[in-house]
Amino acid sequence: MTGASSAAINEAKPYLALSGGVGGAKLALGLARTLAPEQLAVVANTGDDFEHLGLHIAPDLDTVMYTLAGLANTDTGWGRAGESWSFLEALEALGGETWFRLGDRDLALHVERTRRLRQGESLSAVTEAFCRKLGVRSRIFPMSDDPVRTMVLSGNEELSFQHYFVRERCRPSVRGFRFAGIEDAAPSPGLTAAIEDEALAAVVICPSNPFVSVDPILAVDGVASKLRASRAPVIAVSPIVGGAALKGPAAKMMEELNVPATAAAVARHYRDRGLVDGFVLDRADAAMAREIEEMGVATRITNTVMVTLKDRETLAREVVLFAEGLAS
Ligand code: FO1
């Protein structure tokens, strides 16, 4: 964590990051370590949430929280490091559903969250309490406290996101998505406060899947229009490098949606709704910078492949400098 003095933190401006799961959480960690942690607010996608074994599972919220807490399994990016699997073994022996792997420590979080939600606490309140317990100094909140479920349309079927992503291993061909419940979903209090904060220095769209991780957040009532109206520059980091998604099914989805699986196509996806001022490209896609600039979006070319902790911090610093340049 940076050693910024408390005075610097008070003067230092707030940043808002939009994140899905693994890829987004990597940049969120870089931002939390480059800024003072208290400067960073992360809004996580909840469209991947689902009821499983009677538990409310919120994968993107948990991935961001575990990552910022330094507890994440860095091989998979999701779940906790140093896990034991006694629960799952016992469940298997009973013939229970074990396709969605819940480690023993991770399970404690789902059980406790489900208990508190059933007692009427909001997802925001539970998340804030867990962040405090896990020593996370950045703010993390769901995009909404109301249920939104990303449904994957395949053929004439609809699959819940986790069934598509984990149980079916992204095999089904995708023809579209539906964010069930989005019409009745209000932005969470944390998201509303962050996005309306006059002092907001920048909004960072992390390198998550644009269709199933970022779009649900942008679809929450008022979010896209408030981003367009905000004085803060909106910077997106490409989740596609050299025509392939770094993590997850983004490139395959784009092919199936007849959208070129390129960084420029991601830039256009956000630009067409007037949402981005700047776009960060990997060096492998430097040749696309001109095409993106011609869309009216500034570009910054750097290494966006985050393997080490240093990569996360370096990319975050590039994004912050890029935003400061656009703001001035
Ligand atoms: N992803 C998998 O591919 N397989 C799993 O068994 C799995 C379990 C799991 C448990 C808790 C959690 O928070 C995430 C988990 N994920 C698993 C990842 C999750 O499906 C994705 O990270 C997000 O939904 C998409 O970013």
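## Around the ligand, and some charged pairs

Of the 13 residues around the ligand, the ones that come nearest are Asp48, Asp60, Phe100, Arg101 and Gln162; a residue counts as near when one of its heavy atoms lies within 4 Å of the molecule. Bear in mind that this is a predicted model, where local features need pLDDT of at least 70, side-chain atom pairs count only at pLDDT 80 or more, and totals for chains, interfaces and linings use all residues. Residues are numbered from 1 along each chain as its sequence is written, and side-chain values use heavy atoms, with hydrogens and water left out.

Glutamine 162 uses a polar side-chain atom, 2.7 Å from an oxygen atom of the ligand. On its own the ligand exposes 530 Å², and the protein buries 90% of that (accessible areas come from the Shrake-Rupley method with a 1.4 Å probe; for residues, only the protein chains shown count as cover).

Two helices, α3 (59-69) and α7 (161-167), are the elements that give two or more residues to the shell around the ligand. Helix α7 supplies the largest share, four residues. Helices here are DSSP runs of H or I with at least four residues, strands are E runs of at least two, and both are numbered from the N terminus.

Now for the charged pairs. Side chains of opposite charge can pair when their charged atoms come close. The whole structure has 15 salt bridges, meaning a side-chain nitrogen of Lys or Arg within 4 Å of a carboxyl oxygen of Asp or Glu. Here are some of them:

| Glutamate 313 | Arginine 33 | 2.5 Å |

Glutamate 313 sits in helix α14 (residues 309-327) and arginine 33 in helix α2 (residues 22-34), so their bridge ties together parts 280 residues apart in sequence. Glutamate 313 is buried, at 14% relative accessible area, while arginine 33 is partly exposed at 25%. Buried means under 20%, exposed over 50%, and partly exposed in between (1.4 Å probe, protein chains only).

Glutamate 294 and arginine 290 are both exposed. As for arginine 300, its relative accessible area of 27% makes it partly exposed.

How values were computed: Polar contact = N/O pair within 3.5 Å; in protein donor to acceptor, adjacent residues only side chain to side chain.
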